[in-house]
Amino acid sequence: MAASGAGAGYRPSRTLPFAAEFRRQASRRRTQLALGFMVLLPLIILIAFQFDTGDDDSGRGEFGSLVSFATSGGLNFTLFTIFVSASFLLVVVVALFCGDTVASEASWGSLRYLLAIPVPRARLLTIKLLVALTYSGLALVLLAGTALLIGTLRYGWSPLRSTVAAQLEPGEGLLRLLAVLGYLAVVLLVVAGLAFLLSVITDAALGAVGGAVLLWILSSILDQITALGAIRSFLPTHYSTAWLGLLSTPVQTDDIVRGAVSAICYATAFWGLAFWRFTRKDVVS
């Protein structure tokens, strides 16, 4: 026995390796279905565009151009796919990966056995959070990568076009799309943090996932109420569409910087609360 009372050879940093948790989550049906749908969605959108009814109405609002340009090239098809997914689908997927990770273990009754191995609580949360974020990022990459591949095969490698910017050559357009994905990944950290916090608080995985999604929707609704004035800028969803600035000429980065700082602050606060709560929680599940 060591002086600390631990068994000979026990090293806390060697418990629950990242690769082991990654494989455990990969074997789960919800992971396979979520990632599979990220590949399937661009195919569904591509098939839907084949049903040309001759209706030129591409929708109203600032995103209307994305619909009208969606079939003009692989980059534009990818941009449209990201647009239709960012406001809800990606939120649900990130909430699923981050909200289900701890709560599901508690609901199955396996969480206490992981801690009895023993896996230090902080390490268990860290590994689970890193794996959840990895799968969330993988889902985003699969969605955009599949859309870019099939969109390019179907519509060709053409410049990126929209009404908020001059036509961008394919090389620069690809860099703009990568920047859009990077910003979305940062914004979705808020969802990841909130879902992870709820996953630690409750033993119901559905409650953690649904709670994070509902709170995100509530924030989006409140952001539309102009009577709130400057208060809206403190809502986590206020800068969720600031990625449009990456498509303009020249690039508008003011709201992007504010949105990134806001998202990181919210995510850090939620993760901090999650670790504080879990390290003091009486785990009986």
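Gln252 is in contact (heavy atoms within 4.5 Å) with Gly245 and Leu246, leaving aside its neighbours within four places in sequence. This is a predicted model, in which local features need pLDDT of at least 70 and side-chain atom pairs count only at pLDDT 80 or more, while totals for chains, interfaces and linings use all residues. Residues are numbered from 1 along each chain as its sequence is written, and side-chain values use heavy atoms, with hydrogens and water left out.

- Gln252 lies in the loop between α11 (205–223) and α12 (254–278); helices here are DSSP runs of H or I with at least four residues, strands are runs of E with at least two, and both are numbered from the N terminus.
- With 45% relative accessibility, Gln252 counts as partly exposed; buried means under 20% relative accessible area, exposed means over 50%, and partly exposed is in between, using a 1.4 Å probe and protein chains only.
- Ala242 is 10 residues from Gln252 in sequence, and their C-alpha atoms are 8.8 Å apart in space.
- Ser240 also lies in the loop between α11 and α12.
- Not counting residues up to four places away in sequence, Ser240 touches Tyr183, Leu184, Val187 and Trp216.
- The side chain of Ser240 reaches the backbone oxygen of Thr237 at 2.8 Å.

**Salt bridges**

- A search of the whole structure finds 8 salt bridges, each being a side-chain nitrogen of Lys or Arg within 4 Å of a carboxyl oxygen of Asp or Glu.
- As background, side chains of opposite charge can pair when their charged atoms come close.
- One of the salt bridges joins the side chains of Glu105 and Arg24, at 2.7 Å from N to O.
- Glu105 lies in helix α6 (residues 103–108) and Arg24 in helix α1 (residues 18–26), so this pair ties together parts that are 81 residues apart in sequence.
- Glu105 is buried, with a relative accessible area of 1%, whereas Arg24 is partly exposed, with a relative accessible area of 33%.
- Glu105 also forms a salt bridge with Lys128, where the closest N and O atoms are 3.1 Å apart.
- Because Lys128 lies in helix α8 (residues 121–155) and Glu105 in helix α6, this pair ties together parts that are 23 residues apart in sequence.
- Lys128 counts as buried, at 0% relative accessibility.
- Glu21, Arg24, Glu105 and Lys128 are linked in a network of salt bridges.
- Another salt bridge brings together the side chains of Arg176 and Glu172, at 3.0 Å from N to O.
- Arg176 and Glu172 are 4 residues apart in helix α9 (residues 170–187), so about one helical turn separates them.
- Arg176 counts as buried at 11% relative accessibility, while Glu172 counts as partly exposed at 38%.

**A nonpolar patch**

- Phe37, Val39, Leu40, Leu43 and Ile44 make a nonpolar surface patch of about 370 Å².
- Patches are made of residues with over 30% relative accessible area and no salt bridge; like charges are joined within 9 Å, and nonpolar side chains (Val, Leu, Ile, Met, Phe, Trp, Tyr) within 5 Å.
- Leu40, one of the patch residues, lies in helix α2 (residues 29–49) and counts as partly exposed at 41% relative accessibility.

**The chain as a whole**

- The protein chain has 12 helices and 2 strands.
- From the N terminus on, its elements run α-α-α-α-α-α-α-α-β-β-α-α-α-α.
- Of the 285 residues of the protein chain, 46% count as buried.
- Among contacts in the protein chain with a separation of 6 or more, 79% come from residues 24 or more positions apart.
- The accessible surface of the protein chain comes to about 14,000 Å², of which 66% belongs to carbon and sulfur atoms; such areas come from the Shrake-Rupley method with a 1.4 Å probe, and for residues only the protein chains shown count as cover.

**Annotated regions**

- An unreviewed UniProt entry carries the annotation "transmembrane region" for residues 33–51, 77–98, 129–157, 177–201, 213–235 and 255–276; the positions are given in the numbering used here, feature names are shortened, and annotations may be inferred rather than shown by experiment.
- Over residues 77–98 the chain is 91% helix and 0% strand, with the end C-alpha atoms 28 Å apart.
- Over residues 213–235 the chain is 48% helix and 0% strand, with the end C-alpha atoms 15 Å apart.

Methods
A polar contact is a pair of N or O atoms within 3.5 Å; within protein, one must be able to donate a hydrogen and the other to accept it, and residues adjacent in sequence count only if both atoms are side-chain atoms.
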